[in-house]
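Please consult the sequence and the coordinates alongside the text.

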Amino acid sequence: VASPEPAPHSWFWRPPLRLDVGEGSERWSLTVFGFVETDYIFDSTRGYDDAIGGALVARSDTYAGHASRSQFSVRNSRLGFTFTSPRVGGVQGSAVVEADFFGNQPATASERALFDSPAFRLRHAYLQLQSDYVDVIAGHTYTVFGWQNYFFPCSLEFLGIPNQLFSRATQLRASHAFEDRKSVV
């Protein structure tokens, strides 16, 4: 049976920037990843910034409720690093650090400051240790409540959208994936 051809990449796809030190089973690796994104938002009610979040639609008897506006945002741009180490004593170590520009800004910040000087924030920062017996994650990443990163909806809105289970938290998590022995031939 011939293996299927991999799907072609889009014209703007580039391989990740990766630095390897060492060879074979003694290889350390650093991968830089991310993207630059520009978003255009048309809001017919002036009820939102670039994300809906917990905001309400502006009432129609207010200025915001009947005055539309257009916005541009680069706040969803991201920069990240993944690190992998050689297997030591049966344990494979790796780490992820990822950030974007959706950081908290003072409540008194102007709308101009929100879009022109976005705050850099940490999205993920965790260490993962994997062995044949247990996998451990320590750090800041998606919570397992709602199995979020497996069920993100297809949406033009920035996540989390209203009524979606969505959070990241600092945690220490131990897990193990069991193999289905019935399907092994």
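The sections below treat the aromatic pairs and then a surface patch of this predicted model.

## Aromatic pair Trp 11 and Phe 12

A pair of aromatic rings is described by the distance of the centres and the angle of the planes. The structure holds three such aromatic pairs. In one of them, the ring centres of Trp 11 and Phe 12 are 5.4 Å apart. Their planes meet at 85 degrees, so this pair is edge-to-face, the cut-off for that class being over 60 degrees.

Both partners can also be placed by accessibility. Trp 11 has a relative accessible area of 73% and is therefore exposed. Phe 12, with a relative accessibility of 56%, counts as exposed.

## Aromatic pair Tyr 40 and Phe 72

A tilted aromatic pair is formed by Tyr 40 and Phe 72, with 5.2 Å from centre to centre and 50 degrees between the planes. This pair links distant parts of the chain, its members being 32 residues apart. Tyr 40 belongs to strand β3 (residues 39-43), and Phe 72 to strand β4 (residues 69-73).

The relative accessible area of Tyr 40 is 49%, so this residue is partly exposed. For Phe 72 the value is 56%, and the residue is exposed; the cut-off for exposed is over 50%.

## Nonpolar surface patch

A nonpolar patch on the surface is made up of Leu 19, Val 21 and Trp 28. Together, these residues have about 330 Å² of accessible area.

Technical notes: Residues are numbered from 1 along each chain as its sequence is written. This is a predicted model: local features need pLDDT of at least 70, side-chain atom pairs count only at pLDDT 80 or more; totals for chains, interfaces and linings use all residues. Side-chain values use heavy atoms; hydrogens and water are left out. Rings of Phe, Tyr and Trp (its six-membered ring) pair if their centres lie within 6.5 Å; planes under 30 degrees apart count as stacked, over 60 as edge-to-face and the rest as tilted. Buried means under 20% relative accessible area, exposed over 50%, partly exposed in between (1.4 Å probe, protein chains only). Helices (H or I, at least four residues) and strands (E, at least two) are DSSP runs, numbered from the N terminus. Patches are made of residues with over 30% relative accessible area and no salt bridge: like charges are joined within 9 Å, nonpolar side chains (Val, Leu, Ile, Met, Phe, Trp, Tyr) within 5 Å. Accessible areas come from the Shrake-Rupley method with a 1.4 Å probe; for residues, only the protein chains shown count as cover. A salt bridge is a side-chain nitrogen of Lys or Arg within 4 Å of a carboxyl oxygen of Asp or Glu.
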